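Thanks, everyone, for making the time this morning.

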2 protein chains.
Amino acid sequence: MSNDLLKLENQICFKIYSAEREITRLYRDLLQELNVTYPQYLVLLLLWEKDSLSVKELGKRLFLDSGTLTPMLKRMESNGLVERKRSVEDERSVIITLTEKGEALKEKAACIPNQLTQNMAMTKEELIHLSHTLTSMLDVLQNQSNSE
Amino acid sequence: MSNDLLKLENQICFKIYSAEREITRLYRDLLQELNVTYPQYLVLLLLWEKDSLSVKELGKRLFLDSGTLTPMLKRMESNGLVERKRSVEDERSVIITLTEKGEALKEKAACIPNQLTQNMAMTKEELIHLSHTLTSMLDVLQNQSNSE
DNA sequence: TAAAATTAAATTGTGTACAATATAAATAAT
DNA sequence: ATTATTTATATTGTACACAATTTAATTTTA
């Protein structure tokens with residue numbers, strides 16, 4: 001393999017690593033008013049779409065385990081955004097539901113995607129192509145980690 | 001703006017967030033033998049290229065501040081990979097240099113980019129295009145954060 | 001040159017991530 | 001039905017990441 005290609009791949013990984021932090025920073029600014037972090041916002045997005053999800057379901061959708069989710073959901077609970085209740089049918093499961101305050105944040109958050117897209121300053125074509133590239137990359141990477 | 005576009009942008013940010021973690025996981029597996037993390041590997045890459053860099057210089061290249069670097073470099077020091085010494089010319093600066101052990105890891109790490117590229121399973125054309133897209137995105141985002 | 005401003009690291013505190021392990025509930029197997 | 005296995009969370013410990021503040025050294029400025 002050419003040295004150029006090795007360097008290129010190194011650069012791409014570093015760029016993805018850097019891009020993730022830049023995007024998190026963008027969201028941090030926009031989410032400051034809502035007093036939530038980007039991962040917490042991701043949880044809210046799922047709950048706004050369909051309230052009442054188990055920790056397991058959230059973890060499956062966000063690719064996060066209970067070691068990350070449990071303390072995060074407890075923080076969201078103590079901030080009054082969600083409630084955590086053991087499922088009646090299956091006492092192993094914990095069901096997360098939105099409080100009124102958590103539900104109400106949806107309106108406040110409505111402007112965020114718009115602002116973010118403006119900050120990213122990419123054409124629709126670029127966005128679509130990038131999305132496709134990342135999807136095929138994730139398909140490969142996530143299948144690797146699931147089939148271990 | 002169309003709702004599709006808003007959703008698309010949401011998805012892209014989440015994909016970048018997910019891709020970063022998948023790549024970190026790939027590196028975690030490959031770097032396990034070297035007993036370093038991906039951010040530590042990034043520091044080593046810079047030092048292997050040019051030994052003796054200040055914390056400030058490392059932070060500038062990696063977009064990390066002393067709050068992240070100081071404890072990380074201390075861990076690398078206690079693992080015997082680098083040395084930390086106050087600069088003689090400017091006592092505010094701390095200069096990081098490789099130990100023999102840190103220098104020796106370079107050989108062991110030689111196979112990593114190759115293995116990683118195989119795992120990413122992308123064509124050279126895709127890699128180049130992705131690199132360009134991320135570069136222009138980072139140019140915009142990082143200039144925003146620097147010009148605040 | 002003495003005071004003010006700037007700079008480079010370090011420190012403190014909060015919030016992810018994740019490996020490894022523990023715990024308790026549900027399901028499968030004998 | 002009892003035991004074994006699996007499953008869903010929780011816990012523990014390590015390592016980033018970053019905002020905010022502190023400390024000490026260097027420059028700038030009055």
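I will begin with the two domains inside one chain and then turn to the contact between the chains.

Please keep in mind throughout that this is a predicted model. Chain A is divided into domain 1, which covers 34-108, and domain 2, which covers 111-148, and the centres of these two domains, taken over C-alpha atoms, are 23 Å apart. Where they meet, four residues of domain 1 of chain A are in contact with four residues of domain 2 of chain A, and between them the two domains bury about 300 Å², 60% of it on carbon and sulfur atoms. On the domain 1 side, the residues that lose the most area to domain 2 of chain A are Tyr41(A), Phe63(A) and Lys108(A), which together make up 84% of what that side buries. Across this domain interface the rule finds zero salt bridges, and likewise zero residue pairs in polar contact, with both residues at pLDDT 80 or more.

Now to the chains. Here 58 residues of chain A are in contact with 58 residues of chain B, and the two chains bury about 5,600 Å² between them, 70% of it on carbon and sulfur atoms. The rule again finds zero salt bridges between chain A and chain B, although it does find 13 residue pairs in polar contact, both at pLDDT 80 or more. Of the side of chain A that touches chain B, the largest share, 21 residues, comes from H1(A), and by class that side has 34 nonpolar, 13 polar and eleven charged residues.

Conventions:
Residues are numbered from 1 along each chain as its sequence is written. Chains are lettered from A and ligands numbered from 1 in the order in which they are written. This is a predicted model: local features need pLDDT of at least 70, side-chain atom pairs count only at pLDDT 80 or more; totals for chains, interfaces and linings use all residues. Side-chain values use heavy atoms; hydrogens and water are left out. Domain bounds come from an automatic or database domain assignment. Contact means heavy atoms within 4.5 Å. Buried area is the accessible area (1.4 Å probe) that two parts lose on being put together, summed over both. A salt bridge is a side-chain nitrogen of Lys or Arg within 4 Å of a carboxyl oxygen of Asp or Glu. A polar contact is a pair of N or O atoms within 3.5 Å; within protein, one must be able to donate a hydrogen and the other to accept it, and residues adjacent in sequence count only if both atoms are side-chain atoms. Helices (H or I, at least four residues) and strands (E, at least two) are DSSP runs, numbered from the N terminus. Ala, Val, Leu, Ile, Met, Phe, Trp, Tyr, Cys and Pro count as nonpolar, Asp, Glu, Lys and Arg as charged, and the others, Gly among them, as polar.
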